[in-house]
Amino acid sequence: MTAGAKKRKEAPRLLMGNEAIARGALEAGIQIASGYPGTPSSEIIENLSRSAAERNIYVEWSTNEKVATEVAAAASFAGLRALCVMKQNGVNVASDFLLHLAHSGTRGGMVLVSCDDPGALSSVNEGDSRPFARILEVPLLEPGDFQEAKDMTKWAFELSEEIRNFVFLRSVTRMSHASGSVIIGDLPAETRRPAFRHKGSLLDPDNGPVISLFPGIPELKHGPQQEKLRRAADIFEKSPFNTYQGPEKPELLIVTSSACSLYSREAVHLLGLKDRVGILKMGTTWPLPPELVKRHLAGTDRILFVEEVMPFLEENVKILAAEAATDLGIKYFYGKKSGHIPSVGELNPDLVLSALRKILNLPSEKDPSDFLKKAESIAASAAPHRELTFCPGCPHRASYWSIHNAIELDGREGFVCGDIGCYTLGFLPCGFGTLKTIHSMGSGTGIAGGFGQIRRFAMNQPILAVCGDSTFFHAAIPALINAVHHRSPITVIVLDNRGTAMTGFQPHPGLAVSAMGEQAVDIDMAEICRALGARVEIRDPFDLEETQRTLNLMMEEAGGAQVLILRQACGLSPEKKGKKLFEVKVDESVCVGENCGCNRLCTRIFRCPGLLWDGQKKTARIDEVICAGCGVCAGICPSGAITKREAQA
Amino acid sequence: MTADPYNIIITGVGGQGNVLASRVLGNMLVRQGYEVTIGETFGATQRGGSVMSHLRIAKEGVWSPQIPRSRAHMIVSLEPAEAVRVLKDYGNEDVRILSNTRPVYPVSVIAGDVVYPPVEEIRSGVQALVPGARFIDATEEALKMGNPILSNIIMLGALSGFTPLPIRRSDFKAVISRFTPGDALDMNLRAFDKGRELMKKGKSKSVKRKQKSHGGKI
């Protein structure tokens, strides 16, 4: 990414939004970057970790997002530039520290990047991190294309140092995981030498201790913080990141930001409305620069807000319009509140098209053509729905098989509280519908601990929780401590697949390697649990029989919180990917097919994508392209028709 | 280039190398002077779900990373049922289709809840609607070469003979060496060439058939 930067300065490169953000941070001269993996944000830290040695920067995957912001803030306090990256949910986790940091302010430039996931393409909630900027009272930037993603990130550090507070930069999936042209700039040659100056007076922002607030005297810190925000608004009045395209007095003004500005442009282009509709693309979305917004409102009576998830621009512009109502007069607003823009889910050019058609009374879309009708009828039979499932060779399928069977055998209607990771899919048929609650990171163990306490009111159901290895370190430990301390009779199953698998196999504190590939201290989760006083068992989930037997024993004996670690590396982990452990075959002469009492247990229930049902021969079969060679299915066939043989290296 | 932006969708199922194919193609076209915007869907959807990349190939400017409905010019599908799925949402009378023939069965099909029609039926259905649609046995060829994952590169090679865009072997070589480890370069080049070869073979076949149907006057 850095090689030959000067030589090829002029030629644009095709960069992913996340690569552009990483590049912007490097051009700003960051020396520290921290984060916790989460789609769609993970590639930013990954890219920086690859540049770490060359650029002499420190990059870490922190235990969780709150810790990540604390690590970055320390660098800022010592005068260095620091970047902190997370997905939208991470801001929820980090918010406690951030709310304090916003009071204390920062020294070296600090930028917090949140990548939101409108439409929850890779999330179990749909959230908008932008309102946090308002709650935190810090400036918010939203890049509208890939060049801006780089340039804005770089500039965010300058702004942070100008106002002495951290700056919030929000991206979305269609920006972070999309790619486009970026002309890169130079990388700074010099690095800063850190020093934490703390001997000055308590109110000295450069040399004193860094304290969030003096109890009972909010004016001393909260007052200056709000002044910083007003300065940001002044600076935003002239920001090149706020652009306007369209006639001087448009019939309709679109106010938009981020990827939605690209959808808006495309919709206006397709309908040929560039002389009638103007697009005000805001890059500085909190605080809105009031004069700029009012100037644009003055040029039109009708305003459409095009944005995803929350009506953030919509509400903030309406407040400005209300404040200036005596000058601006009555305006007609369209957006989420009016129902012209959906209030949930991702937007796209077509949704903007249909809003424009309605507002401007344009002819509605033509009826679907013959072509589309025919295409739909073919698709009805030829494009069967693809439900999400675990990959072939995934240890979670084996784990859930055993957990499900153990609960059934136990017969007391036990249930499992779920958590966040690939294994969240355990509520679906691929996990045999095993998970019965799913919320945020670490919540499975916390909720299970609560269920454990209500067993005292004559509830007899066994209570289990699952969490991944990265999730265990991220947020499950305090919940487990709570359960152990209060003698909550639960079984916590750690699905330890040796990495943060869902997001691309980033390391976590349980592994002996850091984000930069350096030696790290691998923290033994079993020892942590034992030190808490919990009973701990470790099994290989690919050993179905032993896993199920252990679980049944633990469920029977649960007197307090206990932990079962099911350890088997992810099928996509670098050490396993593309390597088959076993050659798996179905012996067609042994498989009794539909006449077997199992009623196609392997394909109908186990549902591994590597298995096939041969409708003609009426036997199961292995798909050699898909099968990952884990050999687990050999253990589930009651006839012993599925055989495994160690693969030749 | 017949349209600006020229809209390509590369589709398939998680794990088929769809994202790599779109990045490689995008970078090849950047080398030819185009401005390229790519939108991708991956993450949780990768776990057995459909994966789509939208490429906007333009003389200039950034375009929406999502192609508006019914506005694809070219659909490249690494899996036959996915070609149909994309056709329904993004197809139109002028769309071109290049598809792999090897199915990746959804688990609902494996479980017996839903039927996956014979590939021949999918092919004839698609070709009835899009007469020039091409189906090639990319996965079978990749298996012959020793690794099914090469099917995405075979499809890229095939695409080079199927579109007005300048998809050059030299650009492929330059780009793929940035994306994959050194020892994989030769294998990838052979896969790319295999795709071009398959496309050429198919072309001459269809010409022959056409000549025949004209009643042997030649």
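Student: What relative accessibility does A:Arg164 have, and as what does that make it count?

Tutor: A:Arg164 counts as partly exposed, because its relative accessibility is 29%. The cut-offs are under 20% relative accessible area for buried, over 50% for exposed, and partly exposed in between, with a 1.4 Å probe and protein chains only. Keep the ground rules in mind: the model is predicted, local features need pLDDT of at least 70, side-chain atom pairs count only at pLDDT 80 or more, and totals for chains, interfaces and linings use all residues. Residues are numbered from 1 along each chain as written, chains are lettered from A and ligands numbered from 1 in the order written, and side-chain values use heavy atoms, leaving out hydrogens and water.

Now the backbone. A:Arg164 is not a glycine, yet its phi is positive, about 60°. Most residues other than glycine have a negative phi, and most peptide bonds are trans. The residue sits in the loop between helix H6 (146–163) and strand S7 (167–172) of chain A. Helices (H or I, at least four residues) and strands (E, at least two) are DSSP runs, numbered from the N terminus.

A:Phe505 has a positive phi too, about 70°, and is not a glycine either. Its loop runs between strand S18 (491–496) and helix H18 (525–532) of chain A. A:Phe505 is buried because its relative accessible area is 18%.

Cis peptide bonds come next. One joins A:Thr39 and A:Pro40, with omega about 10°. A:Pro40 is in the loop between strand S2 (32–35) and helix H2 (42–55) of chain A. Another runs from A:Trp286 to A:Pro287, with omega near -10°. The loop holding A:Pro287 lies between strand S12 (284–286) and helix H10 (290–298) of chain A.

On the surface, A:Leu202, A:Leu203 and A:Ile211 form a nonpolar patch with about 240 Å² of accessible area together. Patch members have over 30% relative accessible area and no salt bridge; like charges are joined within 9 Å, nonpolar side chains (Val, Leu, Ile, Met, Phe, Trp, Tyr) within 5 Å. Areas come from the Shrake-Rupley method with a 1.4 Å probe; for residues, only the protein chains shown count as cover. A:Leu203 is partly exposed because its relative accessibility is 45%. Its loop lies between strand S8 (179–182) and helix H8 (222–236) of chain A.

Step out to the partner chain. Contacts (heavy atoms within 4.5 Å) link 64 residues of chain B with 61 residues of chain A. The two chains bury about 5,200 Å² between them, and carbon and sulfur atoms give 62% of that. Buried area is the accessible area (1.4 Å probe) that two parts lose on being put together, summed over both. Six salt bridges are counted between chain B and chain A. A salt bridge puts a side-chain nitrogen of Lys or Arg within 4 Å of a carboxyl oxygen of Asp or Glu. B:Arg102 and A:Glu624 form one, with the closest N and O atoms 3.8 Å apart.

Finally, chain B itself. It has eight helices and six strands. Of its 218 residues, 59% count as buried. B:Glu141, in helix H5 (residues 138–144) of chain B, counts as buried because its relative accessibility is 11%. Leaving aside neighbours within four places in sequence, B:Glu141 contacts B:Ile154, B:Lys194 and B:Leu198.
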